[in-house]
Amino acid sequence: MTGAPHEQTVAAAATLRAMMRRQELRPGDRLGDERSLAAELGITRSRLREALELLQAAGHVRRRLGRGGGVFASDGRIERNLNTIEGLPDITRVQGVRLVTTVLRVELVRAGPLDRRLLRLAAGASVYHLQRLRRTDDGTGLSLEDTRAPASVFPDLDAQDLTQLYRCFRETYGVTPTVSDESIEVAYATPAQADLLGVDPGTALVRLSRLTLDDQSRPVEIGTELFVADRMRFHLRRYGVTGNPHRPG
């Protein structure tokens, strides 16, 4: 949308904001779908989309695509569901946010003690060490990721497109990431990390460490991801223990 927004567009945006306050919507709560919202406001869907563009630019709403999509209240943060094995680009895409991934480093190295223990590798085995930076398409730094994957499972990994790693695992190697054992803790940005993420040194980060298994229960990845804390929200749905196939004995 170029130029000054139409008067009706501004009015529709204000009405939508009033609806969100009246309904006491929290970030992530669904406001509705475009068709029903346009009908409720008595405007065309094209006019509604212009109003939603204003609200999305201000960080008040986010539009999600696909099944279960619609218009959702937002505070501008990306929501990362801890119940899914999906890669971050797929998670953000359905929230209407496009990620730009920069591969900072990829090299073949000898597996260290932690690599050998977690990935069940023999002495002398090799792993690919991969570092990537994730930004939104407006240049906002979101996360830094450090990954190690066994070379025996992923030969010539350094010759592949590594912007979407799990897609590469599935489509190039026939390896399907299925289970991810993750832990979360607070960290603080070092000067080097801060420079890459576009934040001040000492900024609060969320460090997510994971061990990923494939559909044969074979360890295929060790990953550590550092997220800028005030740009993310983590969601977890808890289930009862009955019927949980991964419940510890």
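The points below describe the strands, helices and selected contacts of a predicted model.

1. Basis of the note. Residues are numbered from 1 along each chain as its sequence is written. Because the model is predicted, local features need pLDDT of at least 70 and side-chain atom pairs count only at pLDDT 80 or more, whereas totals for chains, interfaces and linings use all residues, and side-chain values rest on heavy atoms, with hydrogens and water left out.

2. Overall make-up. The chain contains seven helices and eleven strands, where helices (H or I, at least four residues) and strands (E, at least two) are DSSP runs numbered from the N terminus. Of the 249 residues in the chain, 39% are buried, a term that stands for under 20% relative accessible area, with exposed meaning over 50% and partly exposed in between (1.4 Å probe, protein chains only). The chain exposes about 13800 Å², of which carbon and sulfur atoms supply 47%; these areas come from the Shrake-Rupley method with a 1.4 Å probe, and for residues only the protein chains shown count as cover. Among contacts between residues at least 6 apart in sequence, 58% join residues at least 24 apart, contact being defined as heavy atoms within 4.5 Å.

3. The six-stranded sheet. This open sheet has the order β5-β6-β7-β10-β9-β8 with antiparallel pairing, two strands being paired if DSSP finds at least two bridges between them. Its edge strands are β5 and β8 (177-188), each of which pairs on one side only. Neighbouring strands of this sheet are turned by 15 degrees against each other on average, direction ignored; the axes are lines fitted to C-alpha atoms, for helices over the stretch in contact, and angles run from 0 to 180 degrees between N-to-C directions. Helix α6 (residues 165-173) packs on the sheet, where it touches β6, β7, β8, β9 (204-214) and β10 (219-228), and its direction makes about 160 degrees with that of β10.

4. Strand β6 and its partners. Strand β6 (residues 126-136) is mostly covered, with eight of its eleven residues buried. On one pairing, strand β5 (residues 99-110) meets β6 in the antiparallel sense over eleven bridges, and Leu108 stands opposite Tyr128 in β6. In the other, β6 pairs with strand β7 (residues 141-150), again in the antiparallel sense, over nine bridges; Leu130 has Thr147 in β7 as its bridge partner, and Arg132 stands opposite Glu145 in β7. The hairpin formed by β6 and β7 has four residues between the strands, and Gly139 in the turn has a positive phi of about 95 degrees.

5. The three-stranded sheet. A second open sheet has the order β1-β3-β2, also with antiparallel pairing, and its edge strands, β1 (30-32) and β2 (61-64), each pair on one side only. Here the twist averages 35 degrees from one strand to the next. Strand β1 pairs with strand β3 (residues 70-73) in the antiparallel sense over two bridges, and Gly32 stands opposite Val71 in β3. Helix α2 lies across β1, β2 and β3, running at about 60 degrees to β1.

6. Glu34 in helix α2. Glu34 lies in helix α2 (residues 34-41) and counts as buried because its relative accessibility is 17%. Its side chain makes a polar contact with the side chain of Arg49 (2.9 Å), such a contact being a pair of N or O atoms within 3.5 Å; within protein, one must be able to donate a hydrogen and the other to accept it, and residues adjacent in sequence count only if both atoms are side-chain atoms. Leaving aside neighbours within four places in sequence, Glu34 is in contact with Arg45, Leu48, Arg49, Leu52 and Arg63.
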